[in-house]
Amino acid sequence: MADAGFLRLEGLTRRFGERVAVDRLTVDIARGEVFGFLGPNGAGKSTTFHLLTGLLAPDAGRVLLEGIEAPPTDGRVRRRLGVVFQDPSLDDKLTALENLKLGAALYGLTGRRADARIAELLGLVELGDRAKEPVERYSGGMKRRLEIARVLLHEPEILVMDEPSRGIDAPTQRRIWEQLLELRRTRRMTILLTTHQPEEAEYCDRLAVLDHGRVIACDTPEQLRREVGGDVVILDGDGPEELAAEVRARFGFEPRLVDGTIVIETPRGHELIPRLVEALPPGRLRSVSMRRPTLADVFVHLTGRGLN
C-alpha cells in the first residue's frame, strides 16, 4: 500500500491505577487507509481514541506522522485531524446551518470560504434541504451526518471516529459510509475508527482486534475471517454446558459457549448438522443454524468470548 509509513502508533500504553487500559499498542497505518480498532466494551478502544486525539497523554509510547514524532496535543498536528466523538456534540437549539457556521468560526474559516465549505458539506451529507431546521428535530442518523460534516470543514487529512455508528440503524450506517468512502477516494483522507460492530468493521481496509488493551490480531477483514475457516454452527438448547460436553464427547469437537449458545467451527457444517440432530436426545435442541464466519466469530475464535 502506498505511503505505508504515513502514521505509526508505537508502544502506546496507558494505565489507570493498576489497570492497563492500553498495553504497548503498535500499528502502522497508510495514507488513505480505513483502519479500525475492533473489540468489546473494556477492550481499550475508547482509551486508544483518547490517546490519538490528545484527550489523554500516554504513559509510554509515541505517535509518528510521516516519520516525525507528532504528539496529538501539538496544534500543528491537531489541524490535520478531524474528530467525531462517541457522544453527541451538537447544539440542539441551533439549526444545522448555525452549527456549521459556529464550527467554521472555531476552525478559523470565515466569509465566502466558510460559506462555500458549508454548502459543499451540506450537499455531501444530504442535509441541504433541512439546513435551517433546529437540530433537535433531527433523527439520530441525521445528527451523526451533521457531526461528520462539521469536522470536515477544515479539510482534515485524518478523520478519527469513536463508535461512529452507535445508535443508528443499518441503512443510515450504509449511507454514512458511502459518503466517507467517497471522501477517502477523492481526497485520499485517512480514516481511523473504533467499533464493536462487526458489520461496521467490514468497511475497514485493515483491523486491529483489541482485547484487554492489546492488539491480538491485525489484518484485512477477509484474512481475519480465514482464521476461523469453514462454517460456524450454532446450537441453542437447554443446559448449554451439559450439551457442549455431550457434543465434545460424541464428536470430538471443542465447542465454545458464547452468550448461552454453543458455537462449533467445522469445515463442512452442512454435513455435521444432521448428525447432531440425530445423535442428541429429542427435544434437547431448540434450534440449529449455520453461517459463514463473521468478524464476530473471529473475536470468539481468538478469545473464546463474544463482542457484546
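## Helix 3 against helix 5

In this predicted model, the axes of helix 3 (residues 96–106) and helix 5 (140–151) come within 9 Å and cross at roughly 25°, where axes are lines fitted to C-alpha atoms, for helices over the stretch in contact, and angles run from 0 to 180 degrees between N-to-C directions. Helices here are DSSP runs of H or I with at least four residues, strands are runs of E with at least two, and both are numbered from the N terminus. Helix 3 and helix 5 are therefore roughly parallel to each other, given that angles under 35 degrees count as roughly parallel, over 145 as roughly antiparallel, 65 to 115 as roughly perpendicular and the rest as oblique. The crossing of helix 3 with helix 5 is right-handed, a term that applies if the near helix is turned clockwise from the far one by less than a right angle, and left-handed if anticlockwise.

On the helix 3 side, A96, N99, L100 and G103 take part, and they meet L146, A149 and R150 of helix 5, with contact taken as heavy atoms within 4.5 Å. By class, this contact has 4 nonpolar, 2 polar and 1 charged residues; Ala, Val, Leu, Ile, Met, Phe, Trp, Tyr, Cys and Pro count as nonpolar, Asp, Glu, Lys and Arg as charged, and the others, Gly among them, as polar.

## The buried face of helix 3

The buried residues of helix 3 are A96, N99, L100, G103 and A104, where buried means under 20% relative accessible area, exposed over 50%, and partly exposed in between, with a 1.4 Å probe and protein chains only. Seen down the axis of helix 3, these residues fall within an arc of 135°, so they line one face of the helix; the arc is that of the directions from the helix axis to the C-beta atoms. An α-helix has 3.6 residues a turn, so residues three or four places apart point the same way.

Helix 4 (111–124) and helix 5 are included in what covers the buried residues of helix 3. Just after helix 3, G108 takes a positive phi of about 85°.

## Helix 5 against helix 6

Helix 5 also packs with helix 6 (residues 170–187), at an angle of about 15° and with the axes 10 Å apart. That makes helix 5 roughly parallel to helix 6, and the crossing of this pair is right-handed. Helix 5 contributes G141, R144, R145 and I148, which meet T172, R175, I176, Q179 and L180 of helix 6. By class, the contact of helix 5 with helix 6 has 3 nonpolar, 3 polar and 3 charged residues.

The C-alpha atoms of T172 and R144 are separated by 9.4 Å, while the two residues are 28 apart along the chain.

## Helix 10 and two further positions

In helix 10 (residues 269–279), the buried residues include G269, L272, I273 and L276. Viewed down the axis of helix 10, its buried residues fall within an arc of 105°, so they line one face of the helix. Their cover includes strand 11 (231–237), helix 9 (240–251), strand 13 (261–266) and strand 14 (285–291).

T47, in helix 1 (residues 45–52), counts as buried at 11% relative accessibility, and it touches R14, F16, A21, V22 and L56, not counting residues up to four places away in sequence. R19, in strand 2 (residues 19–29), counts as partly exposed at 47% relative accessibility. R19 and H212 are 193 residues apart in sequence and 9.6 Å apart in space, C-alpha to C-alpha.

## Positive phi in loops

Most residues other than glycine have a negative phi, and most peptide bonds are trans. E66, which is not a glycine, has a positive phi of about 55°; E66 lies in the loop between strand 4 (60–65) and strand 5 (68–69) and counts as partly exposed at 41% relative accessibility. E155 likewise has a positive phi, near 55°, and lies in the loop between helix 5 and strand 7 (158–162), where it counts as partly exposed at 43%.

## The chain and the basis of the values

The chain has 11 helices and 14 strands, and its C-alpha trace spans about 75 × 45 × 40 Å along its principal axes. Buried residues make up 48% of the 308 residues. Among contacts between residues at least 6 apart in sequence, 70% join residues at least 24 apart.

Residues are numbered from 1 along each chain as its sequence is written, and side-chain values use heavy atoms, with hydrogens and water left out. Since the model is predicted, local features need pLDDT of at least 70 and side-chain atom pairs count only at pLDDT 80 or more, whereas totals for chains, interfaces and linings use all residues.
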